[in-house]
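I went through it place by place and wrote down what I looked up.

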Amino acid sequence: MSGIVRHYYAGGNTAKGFYSLYDSVLEGLNRLYILKGGPGTGKSSLMKDIGKRFEDKEIEVEYLHCASDNQSIDGVILPQWGLGIVDGTAPHIIEPKAPGVIEEYVNLGAAWNSDELAKHKLEILELNDQISQKFQKAYETFAESLAAHDDIEDIYISNMNFDEANQLTDELISLFYQDTTLDKEAKAVHRFLGAATPDGAVDYIQNLTQDVEKRYFIKGRAGSGKSTMLKKIAAAGKEKGFNAEIYHCGFDPNSLDMVIIREQGIAIFDSTAPHEYFPDRESDEIIDMYERCITPGTDEKFENEIARTTKGYKDKMKEAISYLSEAKALRENLEAIYIDAMDFSVVDRIKEEIFNELNGIIESN
């Protein structure tokens, strides 16, 4: 289908530090432009503009959003054509597979005045150091928040009926795939559906599932087996040859939040906070893990302990987000220095060259 626009993240600020899924997201591209240049050099604006122009041509576009700046993107992909542009500066370092053949480096530093930047050398170095410290504090605090979250999970895990959870998973696998096996090797792409950002938790579940026929909303508590079930559903689909979009948790990348099997018109996702949604289509369906798999009365029995650990988890999340906000404010100061030293007419020329090359590839095919 043409004209589809999808939004997601390929990297995230997590309890495990900055976590990249770029290798999976960019795998298989035929042409990839890797943008190099400092903050404020116009990378995001360049990619947004090119993406919009291909949207206007009714070509499918995917936007890779930036977890550290809610107004920026880190990449744009034209999946039907195997074409992409990505920000290749830290922390999302892209390892090229065939430089000059598939990957092409684009240096936006060609547009800056080095003499002007040199006047701010000490300020730039100091800001970079402060930004790095803020991110490190954020990652450490996310890790503390995850530890509190694990304490919540322990309560529900100790009151879990694993046989019932396995039975539910088997029922869903049978429902989703039935007796069908496709005669091909399955492909899986790993992404983040959302992220912890300077503005709090953001997700694109509604966008990613808008054209999926059947959606399953998983309700439950921490530790009630949602991620494990999603992993088993994805693995079963792989064995049967079904392609899958596998979406990791932006807080704990070892956990999954959503699996989409577009060949079957199915999306199943964790629909609890911070990405809590409720059915709004007749075909939507709720899967309640708490009701099906957790000992009745667990919420009431451990009410005080759950409330205490939940507060600890949420307080640490808010603290970590505040460090991301502080890092963003510092980065804006850094960007201002580079913006003043840029000749954006050079960036515009580079943008036109990239667009024309991409458009030429599409039109020649």
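I started with Pro274, which I found in the loop between strand S15 (266-270) and strand S16 (285-288). I kept in mind throughout that this is a predicted model. The peptide bond leading from Ala273 into Pro274 is cis, and its omega is near 10°.

Then I looked up Pro91, which sits in the loop between S7 and strand S8 (103-107). The bond from Ala90 to Pro91 is cis as well, with omega near 5°. I noted both bonds because most peptide bonds are trans.

I placed Glu58 in the loop between H2 and strand S5 (61-65). Its relative accessibility is 53%, and the cut-off for exposed is over 50%, so Glu58 counts as exposed.

Gln178 lies in the loop between helix H5 (162-177) and S9. I wrote Gln178 down as exposed, its relative accessible area being 54%. These two went into the notebook because most residues other than glycine have a negative phi.

**Entry: H4 against H10**

Next I turned to a pair of helices. I looked at H4 (residues 121-157) and H10 (residues 303-340), whose axes come within 8 Å of each other. The two axes cross at roughly 165°. Angles over 145 degrees count as roughly antiparallel, so H4 is roughly antiparallel to H10. The crossing in which H4 passes H10 is left-handed.

What kinds of residues make up the contact of H4 with H10? I sorted them into 22 nonpolar, nine polar and 10 charged residues.

While I was there I picked out Asp315, which belongs to helix H10.

**Entry: the cavity**

The volume of the largest cavity is about 40 Å³.

I went through the lining of the largest cavity next. It includes Ile50, Gly51 and Phe54, and also among the lining residues are Val76, Ile77 and Leu78. Leu83, Gly84 and Ile85 line it too, and so does Leu358. The elements that give two or more residues to this lining are helix H2 (43-56), strand S6 (73-78) and strand S7 (83-87). By type, the lining of the largest cavity has eight nonpolar residues, two polar ones and no charged ones.

**Entry: distances between residues far along the chain**

I looked up Cys249 in the loop between strand S13 (244-248) and S14. Is Cys249 buried or exposed? Its relative accessibility is 14%, under the 20% cut-off, so Cys249 counts as buried. Thr14 is 235 residues from Cys249 along the chain, and the C-alpha atoms of the two are separated by 8.8 Å.

Leu256 came next, in strand S14 (residues 256-261). I noted Leu256 as buried, with a relative accessible area of 6%. How far is the C-alpha atom of Leu256 from that of Lys226? They are 30 residues apart along the chain, and 8.0 Å separates their C-alpha atoms.

I finished with His190, in strand S9 (residues 188-192). His190 is partly exposed, at 26% relative accessible area. I compared its position with that of Val212, which is 22 residues away along the chain, and the C-alpha separation is 18 Å.

How values were computed:
Residues are numbered from 1 along each chain as its sequence is written. This is a predicted model: local features need pLDDT of at least 70, side-chain atom pairs count only at pLDDT 80 or more; totals for chains, interfaces and linings use all residues. Side-chain values use heavy atoms; hydrogens and water are left out. Axes are lines fitted to C-alpha atoms, for helices over the stretch in contact, and angles run from 0 to 180 degrees between N-to-C directions. Helices (H or I, at least four residues) and strands (E, at least two) are DSSP runs, numbered from the N terminus. Angles under 35 degrees count as roughly parallel, over 145 as roughly antiparallel, 65 to 115 as roughly perpendicular and the rest as oblique. A crossing is left-handed if the near helix is turned anticlockwise from the far one by less than a right angle, and right-handed if clockwise. Ala, Val, Leu, Ile, Met, Phe, Trp, Tyr, Cys and Pro count as nonpolar, Asp, Glu, Lys and Arg as charged, and the others, Gly among them, as polar. On a 1 Å grid over the protein atoms alone, a cavity is a set of points where a 1.4 Å probe fits but cannot get out, and a pocket is an open set with protein on both sides within 12 Å along at least five of seven lines; lining residues have an atom within 4 Å of a point. Grid points are joined across faces, edges and corners, and a volume is the space filled by probe spheres set on the points. Buried means under 20% relative accessible area, exposed over 50%, partly exposed in between (1.4 Å probe, protein chains only).
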